[in-house]
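Reader: Please show me the structure. I want to ask about the labels put on it.

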Amino acid sequence: MEDCDLTVRIGRMNLKNPVVVSSGTFGFGEEFEDFFDLSRLGAIIPKGISLKPMAGNPPPRIFETEGGILNSIGLQNPGFREFIKSKLPYYKNLKTHLIINFFGNTQKEYVELARRFDDVAGISGLEMNISCPNVKRGGIVFGTDPQMAYRLVQAVRKATALTLIVKLSPNVTDIALMAKSVEEGGADAVSLVNTFRAMAVNIHTKKPELGNTIGGLSGPAIKPIALRMVWEVGQAVNIPIIGMGGIMNATDAIEFILVGASAIQIGTANLINPKTGIEVIHGIKKYLAQNKIDRIQKLVGTFG
Ligand SMILES: Cc1cc2nc3c(=O)[nH]c(=O)nc-3n(C[C@H](O)[C@H](O)[C@H](O)COP(=O)(O)O)c2cc1C
(Lines give C-alpha, C1' and ligand atoms only; values in the text may rest on other atoms or scores of the structure.)
Protein backbone atom coordinates (compact mmCIF):
# COMPACT_ATOMS: atom_id res chain seq x y z
CA MET A 1 0.00 0.00 0.00
CA GLU A 2 2.90 2.33 0.75
CA ASP A 3 4.11 1.81 -2.80
CA CYS A 4 1.25 3.71 -4.46
CA ASP A 5 2.42 6.87 -6.18
CA LEU A 6 0.12 9.67 -5.03
CA THR A 7 2.07 12.54 -6.56
CA VAL A 8 0.21 15.07 -8.67
CA ARG A 9 1.52 17.86 -10.88
CA ILE A 10 -0.37 21.17 -10.85
CA GLY A 11 1.38 23.85 -12.91
CA ARG A 12 4.91 24.08 -11.52
CA MET A 13 4.01 22.34 -8.26
CA ASN A 14 4.59 18.67 -7.49
CA LEU A 15 2.14 17.75 -4.74
CA LYS A 16 3.01 14.68 -2.66
CA ASN A 17 -0.64 13.69 -2.75
CA PRO A 18 -3.86 15.16 -4.20
CA VAL A 19 -5.39 16.25 -0.89
CA VAL A 20 -5.51 20.00 -0.26
CA VAL A 21 -7.38 21.90 2.45
CA SER A 22 -9.59 24.68 1.11
CA SER A 23 -9.52 28.39 1.74
CA GLY A 24 -11.60 29.67 4.64
CA THR A 25 -12.14 26.27 6.22
CA PHE A 26 -8.67 25.65 7.66
CA GLY A 27 -7.93 29.04 9.22
CA PHE A 28 -4.25 29.79 8.74
CA GLY A 29 -3.32 26.15 9.38
CA GLU A 30 -1.98 26.63 12.89
CA GLU A 31 -5.44 26.04 14.35
CA PHE A 32 -5.30 22.43 13.08
CA GLU A 33 -1.75 21.45 14.06
CA ASP A 34 -2.84 19.54 17.18
CA PHE A 35 -4.89 17.13 15.09
CA PHE A 36 -2.26 15.84 12.65
CA ASP A 37 1.06 16.65 11.01
CA LEU A 38 0.11 19.29 8.43
CA SER A 39 3.19 18.42 6.36
CA ARG A 40 1.36 15.29 5.24
CA LEU A 41 -1.13 17.29 3.19
CA GLY A 42 -0.67 17.87 -0.54
CA ALA A 43 -1.02 21.62 0.06
CA ILE A 44 -2.56 24.16 2.42
CA ILE A 45 -4.66 27.09 1.28
CA PRO A 46 -5.22 29.69 4.02
CA LYS A 47 -8.12 32.14 4.25
CA GLY A 48 -8.41 34.47 1.23
CA ILE A 49 -6.21 37.59 1.35
CA SER A 50 -6.96 41.06 -0.02
CA LEU A 51 -4.73 44.10 -0.40
CA LYS A 52 -6.22 45.88 2.63
CA PRO A 53 -7.62 44.28 5.82
CA MET A 54 -11.33 43.47 5.70
CA ALA A 55 -13.72 43.35 8.67
CA GLY A 56 -16.25 41.04 7.00
CA ASN A 57 -20.03 40.90 7.25
CA PRO A 58 -22.32 41.48 10.24
CA PRO A 59 -23.18 38.39 12.36
CA PRO A 60 -24.63 35.78 12.30
CA ARG A 61 -22.19 34.56 9.67
CA ILE A 62 -22.76 30.82 9.78
CA PHE A 63 -26.04 28.92 9.68
CA GLU A 64 -26.38 25.16 9.52
CA THR A 65 -28.75 23.83 6.89
CA GLU A 66 -29.77 20.32 5.94
CA GLY A 67 -26.65 18.64 4.61
CA GLY A 68 -24.59 21.79 4.56
CA ILE A 69 -23.73 25.19 5.95
CA LEU A 70 -24.43 28.71 4.85
CA ASN A 71 -21.67 31.22 5.44
CA SER A 72 -21.42 34.94 4.92
CA ILE A 73 -18.01 35.62 6.43
CA GLY A 74 -17.58 38.43 3.91
CA LEU A 75 -13.94 37.57 3.19
CA GLN A 76 -12.71 38.89 6.52
CA ASN A 77 -8.90 38.84 6.53
CA PRO A 78 -5.89 40.74 7.93
CA GLY A 79 -4.77 42.07 4.51
CA PHE A 80 -1.51 41.50 2.62
CA ARG A 81 0.92 43.29 4.90
CA GLU A 82 -0.25 41.76 8.17
CA PHE A 83 -0.50 38.29 6.58
CA ILE A 84 3.15 38.44 5.51
CA LYS A 85 4.23 39.74 8.89
CA SER A 86 2.27 37.59 11.32
CA LYS A 87 0.98 34.52 9.44
CA LEU A 88 3.52 33.60 6.76
CA PRO A 89 6.41 32.69 9.15
CA TYR A 90 4.36 29.77 10.50
CA TYR A 91 4.51 27.93 7.17
CA LYS A 92 8.31 27.98 6.97
CA ASN A 93 8.64 24.76 9.00
CA LEU A 94 5.93 22.87 7.15
CA LYS A 95 6.98 20.48 4.41
CA THR A 96 3.99 21.03 2.20
CA HIS A 97 3.02 23.52 -0.48
CA LEU A 98 1.50 26.84 0.49
CA ILE A 99 -1.05 28.13 -2.00
CA ILE A 100 -2.32 31.66 -1.43
CA ASN A 101 -6.00 32.36 -2.07
CA PHE A 102 -6.45 36.03 -2.98
CA PHE A 103 -9.02 38.44 -4.39
CA GLY A 104 -9.65 42.08 -5.25
CA ASN A 105 -12.43 44.48 -6.11
CA THR A 106 -10.79 45.72 -9.29
CA GLN A 107 -8.46 44.22 -11.87
CA LYS A 108 -5.77 46.56 -10.61
CA GLU A 109 -6.04 45.14 -7.09
CA TYR A 110 -5.78 41.54 -8.34
CA VAL A 111 -2.70 42.39 -10.40
CA GLU A 112 -1.07 44.30 -7.56
CA LEU A 113 -1.57 41.41 -5.12
CA ALA A 114 -0.26 38.81 -7.58
CA ARG A 115 2.81 40.96 -8.17
CA ARG A 116 3.43 41.34 -4.43
CA PHE A 117 3.02 37.62 -3.67
CA ASP A 118 5.33 36.80 -6.56
CA ASP A 119 8.17 38.44 -4.64
CA VAL A 120 7.56 36.50 -1.40
CA ALA A 121 9.64 33.39 -0.65
CA GLY A 122 7.86 30.24 0.53
CA ILE A 123 4.77 30.48 -1.67
CA SER A 124 4.23 27.76 -4.27
CA GLY A 125 1.11 28.94 -6.00
CA LEU A 126 -1.76 31.38 -6.15
CA GLU A 127 -5.44 30.52 -6.12
CA MET A 128 -7.38 33.44 -7.50
CA ASN A 129 -10.92 33.77 -6.15
CA ILE A 130 -12.96 35.40 -8.91
CA SER A 131 -16.30 35.24 -7.09
CA CYS A 132 -15.98 38.93 -6.18
CA PRO A 133 -17.91 41.89 -7.55
CA ASN A 134 -15.96 44.32 -9.75
CA VAL A 135 -16.63 47.70 -8.14
CA LYS A 136 -15.64 49.51 -11.33
CA ARG A 137 -18.14 47.57 -13.43
CA GLY A 138 -21.20 48.14 -11.28
CA GLY A 139 -20.63 45.06 -9.17
CA ILE A 140 -20.68 42.38 -11.88
CA VAL A 141 -18.92 39.38 -10.43
CA PHE A 142 -15.62 38.70 -12.29
CA GLY A 143 -16.34 34.99 -12.26
CA THR A 144 -19.69 35.18 -14.04
CA ASP A 145 -18.60 37.06 -17.17
CA PRO A 146 -16.31 35.01 -19.45
CA GLN A 147 -14.75 38.06 -21.16
CA MET A 148 -14.06 39.83 -17.90
CA ALA A 149 -12.59 36.67 -16.38
CA TYR A 150 -10.39 36.15 -19.46
CA ARG A 151 -8.98 39.68 -19.28
CA LEU A 152 -8.46 39.47 -15.53
CA VAL A 153 -6.54 36.19 -15.75
CA GLN A 154 -4.48 37.48 -18.67
CA ALA A 155 -3.45 40.55 -16.65
CA VAL A 156 -2.67 38.55 -13.49
CA ARG A 157 -0.73 35.96 -15.51
CA LYS A 158 1.69 38.69 -16.60
CA ALA A 159 2.23 39.72 -12.97
CA THR A 160 3.36 36.36 -11.57
CA ALA A 161 5.46 33.34 -12.45
CA LEU A 162 3.88 31.33 -9.62
CA THR A 163 1.47 28.52 -10.45
CA LEU A 164 -1.83 30.27 -11.11
CA ILE A 165 -5.01 28.43 -10.17
CA VAL A 166 -8.31 30.16 -10.91
CA LYS A 167 -11.13 29.25 -8.53
CA LEU A 168 -14.44 29.19 -10.36
CA SER A 169 -17.81 30.27 -9.08
CA PRO A 170 -20.63 27.74 -9.55
CA ASN A 171 -23.17 30.57 -9.83
CA VAL A 172 -23.15 30.51 -13.63
CA THR A 173 -25.15 28.82 -16.36
CA ASP A 174 -22.17 27.35 -18.18
CA ILE A 175 -19.15 26.62 -15.97
CA ALA A 176 -17.26 24.92 -18.82
CA LEU A 177 -17.32 28.21 -20.74
CA MET A 178 -15.85 30.02 -17.73
CA ALA A 179 -13.15 27.37 -17.39
CA LYS A 180 -12.23 27.67 -21.08
CA SER A 181 -12.01 31.46 -20.76
CA VAL A 182 -9.57 31.33 -17.85
CA GLU A 183 -7.54 28.60 -19.56
CA GLU A 184 -7.18 30.87 -22.59
CA GLY A 185 -6.24 33.72 -20.26
CA GLY A 186 -3.24 31.70 -19.05
CA ALA A 187 -4.38 29.84 -15.91
CA ASP A 188 -2.26 26.79 -15.02
CA ALA A 189 -5.21 25.06 -13.36
CA VAL A 190 -8.79 25.63 -12.28
CA SER A 191 -10.31 24.83 -8.91
CA LEU A 192 -14.04 24.38 -8.46
CA VAL A 193 -16.49 24.91 -6.92
CA ASN A 194 -16.79 27.87 -4.63
CA THR A 195 -20.04 28.17 -2.64
CA PHE A 196 -23.55 28.49 -4.10
CA ARG A 197 -25.47 31.71 -3.38
CA ALA A 198 -28.20 30.78 -0.92
CA MET A 199 -30.25 31.97 2.07
CA ALA A 200 -32.28 30.81 5.06
CA VAL A 201 -35.34 32.35 6.72
CA ASN A 202 -36.44 32.31 10.37
CA ILE A 203 -40.23 32.00 10.46
CA HIS A 204 -40.49 33.35 14.02
CA THR A 205 -38.56 36.56 13.52
CA LYS A 206 -39.44 36.69 9.79
CA LYS A 207 -35.83 37.68 9.28
CA PRO A 208 -32.89 36.10 7.48
CA GLU A 209 -30.72 33.68 9.46
CA LEU A 210 -27.58 35.40 8.16
CA GLY A 211 -26.67 38.98 8.97
CA ASN A 212 -25.96 39.55 5.29
CA THR A 213 -29.22 37.79 4.17
CA ILE A 214 -27.42 35.96 1.34
CA GLY A 215 -24.49 33.66 1.90
CA GLY A 216 -22.75 30.71 0.29
CA LEU A 217 -23.87 27.10 0.61
CA SER A 218 -21.23 24.38 1.05
CA GLY A 219 -21.03 20.81 2.33
CA PRO A 220 -22.62 17.50 1.27
CA ALA A 221 -25.73 19.28 -0.05
CA ILE A 222 -23.74 20.65 -3.01
CA LYS A 223 -21.69 17.54 -3.86
CA PRO A 224 -23.78 16.17 -6.74
CA ILE A 225 -23.83 19.58 -8.45
CA ALA A 226 -20.11 20.14 -7.88
CA LEU A 227 -19.38 16.69 -9.29
CA ARG A 228 -21.39 17.46 -12.42
CA MET A 229 -19.51 20.73 -12.85
CA VAL A 230 -16.08 19.11 -12.48
CA TRP A 231 -17.07 16.53 -15.06
CA GLU A 232 -18.26 19.19 -17.51
CA VAL A 233 -15.10 21.26 -17.02
CA GLY A 234 -12.95 18.15 -17.49
CA GLN A 235 -14.35 17.72 -20.95
CA ALA A 236 -13.75 21.37 -21.86
CA VAL A 237 -10.17 22.14 -20.75
CA ASN A 238 -6.69 20.63 -20.92
CA ILE A 239 -5.32 22.14 -17.69
CA PRO A 240 -5.56 20.23 -14.37
CA ILE A 241 -8.69 20.54 -12.25
CA ILE A 242 -8.81 20.70 -8.46
CA GLY A 243 -12.28 19.51 -7.47
CA MET A 244 -14.25 20.33 -4.36
CA GLY A 245 -17.74 20.69 -2.97
CA GLY A 246 -19.03 18.53 -0.15
CA ILE A 247 -16.13 16.08 0.01
CA MET A 248 -16.49 14.38 3.41
CA ASN A 249 -14.44 11.21 2.96
CA ALA A 250 -12.21 9.23 0.59
CA THR A 251 -15.16 7.87 -1.40
CA ASP A 252 -16.32 11.40 -2.22
CA ALA A 253 -12.75 12.38 -3.14
CA ILE A 254 -12.36 9.40 -5.48
CA GLU A 255 -15.64 10.31 -7.21
CA PHE A 256 -14.19 13.74 -8.06
CA ILE A 257 -10.94 12.16 -9.30
CA LEU A 258 -12.85 9.72 -11.49
CA VAL A 259 -14.80 12.52 -13.18
CA GLY A 260 -11.60 14.43 -13.96
CA ALA A 261 -10.07 16.12 -10.90
CA SER A 262 -6.29 15.73 -10.58
CA ALA A 263 -6.46 16.92 -6.97
CA ILE A 264 -9.24 17.69 -4.50
CA GLN A 265 -9.92 20.13 -1.69
CA ILE A 266 -11.50 19.46 1.68
CA GLY A 267 -13.62 22.36 2.93
CA THR A 268 -16.65 22.18 5.23
CA ALA A 269 -15.59 18.68 6.37
CA ASN A 270 -12.66 20.29 8.24
CA LEU A 271 -15.18 22.06 10.46
CA ILE A 272 -16.90 18.77 11.35
CA ASN A 273 -13.90 16.45 11.58
CA PRO A 274 -10.56 18.27 11.57
CA LYS A 275 -8.77 15.05 10.62
CA THR A 276 -10.70 14.60 7.37
CA GLY A 277 -7.68 15.52 5.22
CA ILE A 278 -5.46 12.82 6.64
CA GLU A 279 -8.27 10.24 6.59
CA VAL A 280 -8.92 10.96 2.92
CA ILE A 281 -5.23 10.41 2.10
CA HIS A 282 -5.38 7.00 3.82
CA GLY A 283 -8.65 6.10 2.12
CA ILE A 284 -7.31 6.95 -1.34
CA LYS A 285 -4.20 4.82 -0.71
CA LYS A 286 -6.38 1.91 0.38
CA TYR A 287 -8.59 2.20 -2.71
CA LEU A 288 -5.56 2.24 -5.03
CA ALA A 289 -4.08 -0.81 -3.31
CA GLN A 290 -7.36 -2.73 -3.41
CA ASN A 291 -7.76 -1.97 -7.09
CA LYS A 292 -4.08 -2.64 -7.85
CA ILE A 293 -3.49 0.84 -9.25
CA ASP A 294 0.11 1.94 -8.71
CA ARG A 295 -0.30 5.64 -9.59
CA ILE A 296 -3.14 8.00 -8.70
CA GLN A 297 -2.71 9.74 -12.05
CA LYS A 298 -3.98 6.58 -13.76
CA LEU A 299 -7.33 7.11 -12.07
CA VAL A 300 -7.99 10.70 -13.16
CA GLY A 301 -10.91 11.02 -15.55
CA THR A 302 -11.46 7.28 -15.94
CA PHE A 303 -15.18 7.56 -15.24
CA GLY A 304 -17.68 6.47 -17.88
C1 LIG B 1 -16.60 29.39 6.39
C2 LIG B 1 -16.12 29.37 4.96
C3 LIG B 1 -15.22 30.35 4.51
C4 LIG B 1 -14.77 30.34 3.19
N5 LIG B 1 -13.87 31.30 2.77
C6 LIG B 1 -13.38 31.26 1.50
C7 LIG B 1 -12.39 32.20 1.05
O8 LIG B 1 -11.89 33.06 1.79
N9 LIG B 1 -11.97 32.13 -0.26
C10 LIG B 1 -12.46 31.17 -1.12
O11 LIG B 1 -12.05 31.14 -2.30
N12 LIG B 1 -13.37 30.24 -0.72
C13 LIG B 1 -13.83 30.27 0.56
N14 LIG B 1 -14.76 29.32 0.97
C15 LIG B 1 -15.21 28.29 0.02
C16 LIG B 1 -14.48 26.95 0.24
O17 LIG B 1 -13.08 27.09 0.07
C18 LIG B 1 -15.03 25.87 -0.75
O19 LIG B 1 -14.81 26.32 -2.07
C20 LIG B 1 -16.51 25.61 -0.57
O21 LIG B 1 -16.86 25.63 0.80
C22 LIG B 1 -16.98 24.29 -1.18
O23 LIG B 1 -16.32 23.18 -0.64
P24 LIG B 1 -16.92 22.33 0.62
O25 LIG B 1 -18.33 21.96 0.27
O26 LIG B 1 -16.01 21.14 0.75
O27 LIG B 1 -16.85 23.23 1.80
C28 LIG B 1 -15.23 29.33 2.29
C29 LIG B 1 -16.13 28.36 2.76
C30 LIG B 1 -16.57 28.35 4.07
C31 LIG B 1 -17.52 27.27 4.52
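Author: Here are the terms, each set against its cut-off.

Author: This is a predicted model, where local features need pLDDT of at least 70, side-chain atom pairs count only at pLDDT 80 or more, and totals for chains, interfaces and linings use all residues. Residues are numbered from 1 along each chain as its sequence is written, and side-chain values use heavy atoms, with hydrogens and water left out.

Reader: Why is Asp34 called exposed?

Author: Exposed means over 50% relative accessible area, buried under 20%, and partly exposed in between (1.4 Å probe, protein chains only). Asp34 has 72%, so Asp34 is exposed.

Reader: Why is Arg151 called partly exposed?

Author: Its relative accessible area is 36%. That value lies between the limits of 20% and 50%, so the label is partly exposed.

Reader: What makes Glu112 and Arg115 a salt bridge?

Author: The term asks for a side-chain nitrogen of Lys or Arg within 4 Å of a carboxyl oxygen of Asp or Glu. The closest N and O atoms of Glu112 and Arg115 are 2.9 Å apart, so the pair qualifies. Glu112 also meets Arg116 in a salt bridge, at 2.9 Å, N to O.

Reader: How do you know that Asp252 and Lys223 form a salt bridge?

Author: Their closest N and O atoms are 2.8 Å apart, so they fall within the 4 Å limit.
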